[in-house]
Each structure stands twice: as C-alpha cells, then as structure tokens.
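User: I would like to go through this model and ask what stands behind each label. Please give the cut-offs as we go.

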Amino acid sequence: PDRVEEDRVLTTTSVGGARQASNALLPEHRLIEIAHREHARALGVHGAPLHAEVETHHAGIAQYEFGHVERVAAAEAIEAVEDGLVLAGSWRKGVSLADCWTCGREAADRVVAGLPAVRLQSVN
C-alpha cells in the first residue's frame, strides 16, 4: 500500500539473466516491450503501463556453475583439517543479501566458538 495506489498493480520484472545475457544490451524501450508482453501472457495484463523504469545490471546475481557442489564440499573438507580456517561468501549458501548475511554470521559464530576461552580478571 505504500508503494502503489489501491487500484494499481506494481511489478518488478527481470529480463535477461545468465541464459539471455545479451538482453541487457537492448534499448530500454525494447526491455519494456518484452516485460509488457510477458505480463500480458502470464498475468493477462493488456493495458499499457502507466510508468516504466529500466535499471540494467550487466553483472548481476552470481550464477553457480557445473561442479559447484563439489567445490563447496572440497572447501568444507579443507576447513575440517585446517584448524581455525573458516570460509564464507556468496558461493557457500546463496547469493542473496540475506544468504550472505547469514553465511557471514555463521562463519563469525564458528570463529568465536573456536577461540580459546578468555579469563577476565577484575582490575582493582
């Protein structure tokens, strides 16, 4: 309700991606046409958009490639034998901001858990 009037519909559409990366090179009006055509097909929307904006990300979300699962397993095996080594990143648990945040927090927790206990002494 805070982003669009009650009788309107707001959509966000991604065009291109890893499989159609060349679409990012299309002019804005073509990207809007593609999005409108897909909305008509998928959602039954037939009216022209009242407003459209294009934001292009040529190197957007990272894509996992063939063999990724094996690479993650190899990293985990190295962590298991290298005391104190903790690896984190978008490659590990997901590429979204929330996934990266969670992975970083989990890595920090593992680092802290592996630290020797510190005995605090009061200073008088």
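User: What makes His 68, Val 72, Ala 75 and Glu 79 of H2 count as buried or exposed?

Analyst: In H2, His 68, Val 72, Ala 75 and Glu 79 are buried. Buried means under 20% relative accessible area, exposed over 50%, and partly exposed in between, with a 1.4 Å probe and protein chains only. These four cover an arc of only 60° around the axis, so they sit on the same side of H2. The arc is that of the directions from the helix axis to the C-beta atoms. An α-helix has 3.6 residues a turn, so residues three or four places apart point the same way.

User: Which exposed residues does the face of H2 turned away from its buried side carry?

Analyst: That face carries Val 69, Glu 70, Ala 80 and Val 81.

User: How do you know what the model is and how its residues are numbered?

Analyst: This is a predicted model, in which local features need pLDDT of at least 70, side-chain atom pairs count only at pLDDT 80 or more, and totals for chains, interfaces and linings use all residues. Residues are numbered from 1 along each chain as its sequence is written, and side-chain values use heavy atoms, with hydrogens and water left out.

User: What is the mean pLDDT of the protein?

Analyst: The mean is 86, and 94% of the residues reach 70 or more; pLDDT is the predictor's confidence in each residue, from 0 to 100.

User: What makes the reach of H1 close to the expected one?

Analyst: Helix H1 (residues 28–43) has 16 residues and reaches 22 Å from its first C-alpha to its last, against 22 Å expected at 1.5 Å a residue. The expected span is 1.5 Å times one less than the number of residues. In H1, Leu 31, Ile 34, Ala 35 and His 39 are buried. They cover an arc of only 135° around the axis, which puts them on the same side of H1. Gly 44 follows H1 and has a positive phi, near 75°.

User: Why is Ala 48 called exposed?

Analyst: Ala 48 has a relative accessible area of 63%, so it is exposed. Ala 48 lies in the loop between H1 and H2. Ala 48 and Ala 98 are 50 residues apart in sequence and 34 Å apart in space, C-alpha to C-alpha.

Methods
Helix = DSSP H or I, 4+ residues; strand = E, 2+ residues; numbered from the N terminus.
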